[in-house]
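Dear colleague,

Please find below the structure that I am handing over to you.

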Amino acid sequence: MGKLFICDHPLIQHKLTFIRDEKTNTKDFRELVDEVATLMAYEITREIKLEEVTIRTPVSDAKCKIISGRMLGLVPILRAGLGMVDGILQLIPGAKVGHVGLYRDPETLLPVEYYVKLPTDVQERELIVIDPMLATGGSAIMAIDALKKRGCAQIKLMCLIAAPEGVKAVQEAHPEIDIYVAAVDDYLNDHGYIIPGLGDAGDRLFGTK
């Protein structure tokens with residue numbers, strides 16, 4: 001059974017406050033999202049397997065540890081997920097990046113897939129699906145579906161803010177998936193927005209309204 005992890009480190013929570021603030025401009029919003037993504041990446045990679053190797057320091061031989069096993073892949077959900085990728089790549093520069101393009105139908109609130117492009121070795125990687133907001137859960141579920149259809153088995157979900165409804169929906173559709181968030185908010189309103197949330201993440205990242 002997958003677990004819900006709330007990344008409650010003080011630095012994450014501090015920066016999240018300014019991400020939420022409507023007075024935060026596009027430049028600062030983008031930089032803060034980038035910084036929080038880096039900090040969250042520490043948490044989501046905590047259980048990566050290590051193996052022991054022997055190296056030579058300037059003084060003597062030393063037994064040290066390096067990452068072992070599967071390499072990582074990042075799969076942002078377009079477009080808002082792009083705002084978190086660079087922050088994670090600062091910590092894990094060797095990760096490959098795929099993309100899943102989805103948009104939410106304003107009438108039905110259901111996601112519609114329009115683009116999927118993944119690394120050729122995607123099945124061999126541990127994947128992190130990235131989207132700032134986990135609202136209804138529809139986009140995350142469809143993105144994970146798209147990965148599973150292409151033979152991917154090791155998948156985690158990373159979001160800044162989640163609604164309880166979205167967490168529940170993902171857990172019901174993909175019960176083995178671990179979900180990492182910085183906060184779980186109160187509820188979804190009638191338009192599918194997370195309350196209190198932070199507004200439209202894509203608009204605030206890219207300066208569109």
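Axes are lines fitted to C-alpha atoms, for helices over the stretch in contact, and the angles between them run from 0 to 180 degrees between N-to-C directions. With that in mind, please also note that this is a predicted model.

I begin with helix 4 (residues 138-149) and helix 5 (residues 164-173), whose axes come within 9 Å and cross at roughly 25 degrees. Angles under 35 degrees count as roughly parallel, and helix 4 and helix 5 are therefore roughly parallel to each other. Their crossing is right-handed. Helix 4 contributes Ala140, Ile141 and Ile144 to the contact, and helix 5 contributes Ala169, Val170 and Ala173. By class, this contact of helix 4 with helix 5 has 6 nonpolar residues, no polar ones and no charged ones.

The next pair is helix 1 and helix 2. Their axes come within 9 Å and cross at roughly 155 degrees. Angles over 145 degrees count as roughly antiparallel, so helix 1 and helix 2 are described as roughly antiparallel to each other. Helix 1 passes helix 2 in a left-handed crossing. On the side of helix 1, the contact is made by Leu11, Ile12, Lys15, Phe18 and Ile19; on the side of helix 2, it is made by Phe29, Leu32, Val33, Glu35, Val36, Leu39 and Met40. The residues of the contact of helix 1 with helix 2 comprise 10 nonpolar, no polar and 2 charged.

Helix 2 also meets helix 3. The axes of helix 2 and helix 3 come within 7 Å and cross at roughly 50 degrees, which makes helix 2 oblique to helix 3. The crossing of helix 2 past helix 3 is right-handed. Here Val33, Asp34, Ala37, Thr38, Ala41 and Tyr42 of helix 2 meet Gly83, Met84, Asp86, Gly87, Ile88, Gln90 and Leu91 of helix 3. This contact of helix 2 with helix 3 divides into 7 nonpolar, 4 polar and 2 charged residues.

I turn now to the interior. In soluble globular proteins, nonpolar side chains tend to be buried together. The largest nonpolar core in this model has 36 residues, and those with the most contacts inside it are Ile19, Met40, Ile88, Met158 and Leu160. At least two residues of this core come from each of several elements, among them helix 1 (10-20), helix 2 (26-44), helix 3 (82-91), strand 10 (155-162) and strand 11 (178-184). Helix 2 gives the most to this core, with 8 residues.

Which residues does Met40 touch, not counting those up to four places away in sequence? They are Cys7, Ile12, Met158, Cys159, Leu160, Tyr180, Val181 and Ala182. There is also a second, separate core of 25 residues, including Ala140, Leu157, Cys159 and Val167.

Finally, I draw your attention to Ile195, which lies in strand 13 (residues 194-195). Is Ile195 buried, exposed or partly exposed? With a relative accessibility of 25%, Ile195 counts as partly exposed, because buried means under 20% and exposed over 50%. Leaving aside residues up to four places away in sequence, Ile195 touches Asp185, Asp186, Tyr187 and Asn189. The C-alpha atoms of Ile195 and Ile161 are separated by 10.0 Å, and the two residues are 34 residues apart along the chain.

Yours sincerely,

A colleague

Terms used
Residues numbered from 1 in each chain as written. Predicted model: local features only at pLDDT ≥ 70, side-chain atom pairs only at ≥ 80, totals over all residues. Heavy atoms only, no water. Core = buried A, V, L, I, M, F, W, Y, C linked by side-chain atoms within 4.5 Å. Buried < 20%, exposed > 50% of the residue type's maximum accessible area, 1.4 Å probe, protein only. Helix = DSSP H or I, 4+ residues; strand = E, 2+ residues; numbered from the N terminus. Contact = heavy atoms within 4.5 Å. Parallel < 35°, antiparallel > 145°, perpendicular 65-115°, else oblique. Left-handed = near helix turned anticlockwise from the far one by under 90°. Nonpolar A, V, L, I, M, F, W, Y, C, P; charged D, E, K, R; others polar.
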